[in-house]
Amino acid sequence: MNRPKTEAGAKTFTLTVVHSDGQSKDFTISTDREFLAEALLDEKLIVESDSPGMYITVDGETADYSVNQSYWGFFIGDDYAMEGMQTTAIADGDVYKLVYTRG
């Protein structure tokens, strides 16, 4: 009941991935999926860890807090996300960012 409203049908969004070396990559993704994690898993841009709902590998790079206090910061537009990718409903034209961050 508290889940965000989803948008059925095809939509296109942009994902920027900022790697540990500061290099960024932009991806334009078209999908019928309703939630961001589903679309990124389909595109093989994220890999789910042993803990369901945790994504420590993005675009081939792993950020592991238990190893070096790194994690992937998740942004919706320019704002730090207050929800996870599994519950982030995609709307056409949305912009997301995953930034390699050291704690």
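**Close-up 1. Thr31 in strand β2 of the predicted model.** In this predicted model, Thr31 belongs to strand β2, the strand that covers residues 24–31. Its relative accessible area is 10%, and because buried means under 20%, Thr31 counts as buried. Leaving aside residues up to four places away in sequence, Thr31 touches Gly9, Ala10, Lys11 and Phe13, and it also touches Ala39 and Ile90.

**Close-up 2. Lys44 in the loop between α1 and β3.** Lys44 is found in the loop that joins helix α1 (36–42) to strand β3 (46–48). The phi angle of Lys44 is near 60°, which is a positive value in a residue other than glycine. Because its relative accessibility is 69% and exposed means over 50%, Lys44 counts as exposed.

**Close-up 3. Asp59 in the loop between β4 and β5.** Asp59 is located in the loop between two strands, β4 (55–58) and β5 (61–62). Asp59, which is likewise a residue other than glycine, has a positive phi value, near 50°. Is Asp59 buried or exposed? With a relative accessible area of 18%, Asp59 is buried, because this value falls under the 20% limit.

Definitions and conventions: Residues numbered from 1 in each chain as written. Predicted model: local features only at pLDDT ≥ 70, side-chain atom pairs only at ≥ 80, totals over all residues. Heavy atoms only, no water. Helix = DSSP H or I, 4+ residues; strand = E, 2+ residues; numbered from the N terminus. Buried < 20%, exposed > 50% of the residue type's maximum accessible area, 1.4 Å probe, protein only. Contact = heavy atoms within 4.5 Å.
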